[in-house]
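Please open the structure in your viewer and follow the selections below in order. Each stop names what to select and then describes what is found there.

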Amino acid sequence: MVSATKRPSPEALLRQAKREARGRLKIFLGAAPGVGKTYAMLSEGAALRRDGQDVVVAVVETHGRAETEALLDGMEVVPRREVAYRGHQLTEMDIDAVLRRAPTLALVDEYAHTNIDGSRHPKRWQDVEELLNAGIDVYTTLNVQHVESLNDVVASFTRVRVRETVPDSVFEGAEIKLVDLPPDELIDRLRDGKVYVPHEASRALGHFFSKANLSALREMAFRRAALSVDRQMLHDLDASGEAGTFAAGERILVAISEQPGSDMLVRTAKRLADGLNAPWTAVHIETGRSAAFDDDARRRIAASLALAATLGATIATVPAESVIAGLRGQIEVMRATQLIIGRSQRSWWFELRHGSVVEALIHDAGDLAIHVIPSPRESPATRRGLDWTRGWGRPSSYAVGLGLIALMTGAARLAEPWIGTGAVDLLYLVPVIVAATLYGLRPGLFASLVAALAFNFFFLEPRHTFTIADPQSVLTMLILTGVAAVVSNLAGRLRTRARIGVRSAQENASLAAFAQMLARASDRETTAAVTCEEVARLLGVRSIILAEQGGLLQPLVARPVDAAISPIDQAAAEWAWTSGEPAGRGTNTLVASDWQFHPLKTGLGVLAILGIASEDGRDPISPDRAALLATLVGQAALAHERLHLEDEMRSLSVLEERDRLRAALLSSIGHDLRTPLTGVTAAIEALASEHPGASALPLARAEVSRLRRFLDNLVELVRLDSGGLSLDVAPVDLTDAVAAVVHDLKDLLRGHHVDFQVPAGLPLVRVDERLLHHILLNLLANAIQHGGSAGPIAIVGRRTPDAVALTVRDHGGGLEPGSEGTIFDTFEQGKGGDRHGGSGLGLAIVKGFADALGISVSASNHPDGGAAFTLTFPSALIATVSDAE
């Protein structure tokens, strides 16, 4: 079926050149968390580093697994970037630092991770794309449930909808390494606490990590890896020009015709594709006969292609000179391994004239497996109508051919005295060629027959009869008829090719112009207007763009401007918005709608909805225009994505400028107030030496101390925002750390009882002692200020199975319900209860320093009254014996 020699595909060569200009991507693919993807990635990265390659760790999540953390020893780790998010300081991969470092290989964990708001890209896979474009190789990790196309399948049996996904396009050109672990072994790891902490592991085993779920996910990972390998092989074959099927994976092609029963072919192909887990394509070959199809035939083609698209197939309409040539070309392009085709119950006369497509394909099948499905038998009346009336063209074309023959006959009679009878037959070729060129094959054949009869009647002896007396004239008559038939056949084919070529050129030019107009659009309204106008013009339909405004999906632009949608249409549009799938007329969802809606969907989600409708209420898109519509939808979606990203970049620039100005102001205030504060402190001490018994001195000293802490908080806040923190991590005894803070605040603690419950046997924690002191200082000062005199201030330390917790609790009025998360925001002051007053900086400093140290901090109301602030030191921060030594 495939030719022995094949030119390298220009697209494949271009794709290969682009890939060589980028870094290489390697994805460590696993079935579920805990199979060892991060461990495998770090092991391979460490081995390459030992071999002399420049390898850095851009971001890795060890989740407290000791064996994974051990692999980081000796590896260069790029410090993470701190991002302010709702008053909290969180960390993300510092893509700019990695780009400045420019390593040969960067290790980036959790490929599907969603970045914090305010990051350059919303998704980590987009960060990886930027690294690859900079020529940096990237190793990354991914679970199979995060693949966009598998999201619904995973949710159907795990009952868990994964929100963080990556588009399937990221696998293009990527090397896939499958990290496998049998379900039983993974379950054992869970029970041993090597994946989650014990109480979380028990819950996971009863839900997501059941053996049945893990087995299904494992099979999906195997198949997705095999699919990527197969596609990569096809790209390499296209680039090399090597011919052949190379069935490392199955690829299914189903041929859609105008005959009844094509929907049955589509369902057969779907079942076969599901059984083989193979990609499949539904194709309709458009030939010269397609122009003569009636409405029923066109409707059957459109319905079959729409059904195939709904079932997950790639659809295509391919123009070709003949069905056989088009199918052979498509088989060669996609290197199909299996073909599904219907065998119609054609008349012997039809097969005599057109040949049998099935027989021709089977004759040259080669390694191609062909599944022939009998089509439903048509009634004799319908079959006769199809065979004898379809494709003959308009009567006017035959009348024009007859007129041309008459004109040529008159001209030949006038020219006969000068050119002789022997040259007259050549003149008759002119109207035959003209008729075939203008109207196609059948009018040309009709003209050739009439030309032969006219030549016989008017120019061969005996004239004005259809009798031929001279044997030589018989030969001349036969040659004229044969030549005329061949010429009309060739002219008809040339016309068909020209028509197909002109239409393809027009569509390509229209798409290029459409892309240029979208590129010039600078706002959503202009982009929507351009999309509506071009879709309406190219497809001859009404069009409308709907977008989310004020939380509702509303029309943005319509062409014509008075086009409106009904409540049923609105329901179809909203379904397309939420599901990301087409809906409305001509689809399988909400078909009562007069409009057909297509989501403008990208990696950022659905950004808008394009609706189309025909003027006569029929299906808005014909099968031969489906591919054009898909291209228009794709270009419009990319244009909306560009505008969305530009808006995010402008917002980010404004935020960065605001943060810069805020940092400059806070830094100026913090430093400029230190000098007068020093003078005030010196004056107070001078007064104390002259009047040691003055009653105002304790209050003055307390307020100066409070003001100094406020200025220190300002300076530390600026350091947090600017990323100027430098950590000196060492084992710290929490008992000593708390005692030091109590000593420093002894003046403020006069009149307060401190309930000290920090056991001396608590393990040491690995933190920066100076920052921890500052954290505890602010927490205790907060408890003194807001706890009132209702009871003691409790400082409680305790050991949990996987952490060390330290709680500072007061006995005041507690936190306002719902403020537990926002109380750590910068300049946030609690409302009501005991949280009023203060600068709003202390707890923000606590949160920022805690995040920098890897400590979790939380606020809550204690069941017995008062507010409780808890520092949780995870197992990764608990010092071992060797650390202490």
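Select helices H27 and H28 of this predicted model: their crossing is left-handed. The two axes approach within 9 Å, at a crossing angle of roughly 150°. Because angles over 145 degrees count as roughly antiparallel, H27 is roughly antiparallel to H28.

Next, display the side chains where the two helices meet. On H27, select Leu771, Leu772, His774, Ile775, Asn778, Leu779 and Asn782; on H28, select Gly842, Leu843, Ile845, Val846, Phe849, Ala850 and Leu853.

Now widen the selection to the largest nonpolar core, which has 43 residues. Within this core, Leu734, Leu780, Leu806, Phe869, Leu871 and Phe873 touch the most other members. At least two residues of the core come from each of helices H26 (734-744), H27 (769-786) and H28 (842-853), and likewise from each of strands S21 (765-768), S22 (793-800), S23 (803-809), S24 (856-861) and S25 (867-874). H27 gives the largest share, nine residues.

Centre the view on Leu806. Which residues is leucine 806 in contact with, leaving aside its neighbours within four places in sequence? They are Leu734, Val738, Val758, Leu776, Ile795, Val796, Gly797, Phe869, Thr870, Leu871 and Phe873.

Finally, move to another core, of 36 residues, which lies apart from the largest one. To locate this core, select Leu25, Val56, Ala58 and Val138, which are among its members.

Definitions and conventions. Residues are numbered from 1 along each chain as its sequence is written. This is a predicted model: local features need pLDDT of at least 70, side-chain atom pairs count only at pLDDT 80 or more; totals for chains, interfaces and linings use all residues. Side-chain values use heavy atoms; hydrogens and water are left out. A nonpolar core is a set of buried Ala, Val, Leu, Ile, Met, Phe, Trp, Tyr and Cys residues joined through side-chain atoms within 4.5 Å. Buried means under 20% relative accessible area, exposed over 50%, partly exposed in between (1.4 Å probe, protein chains only). Helices (H or I, at least four residues) and strands (E, at least two) are DSSP runs, numbered from the N terminus. Contact means heavy atoms within 4.5 Å. Axes are lines fitted to C-alpha atoms, for helices over the stretch in contact, and angles run from 0 to 180 degrees between N-to-C directions. Angles under 35 degrees count as roughly parallel, over 145 as roughly antiparallel, 65 to 115 as roughly perpendicular and the rest as oblique. A crossing is left-handed if the near helix is turned anticlockwise from the far one by less than a right angle, and right-handed if clockwise.
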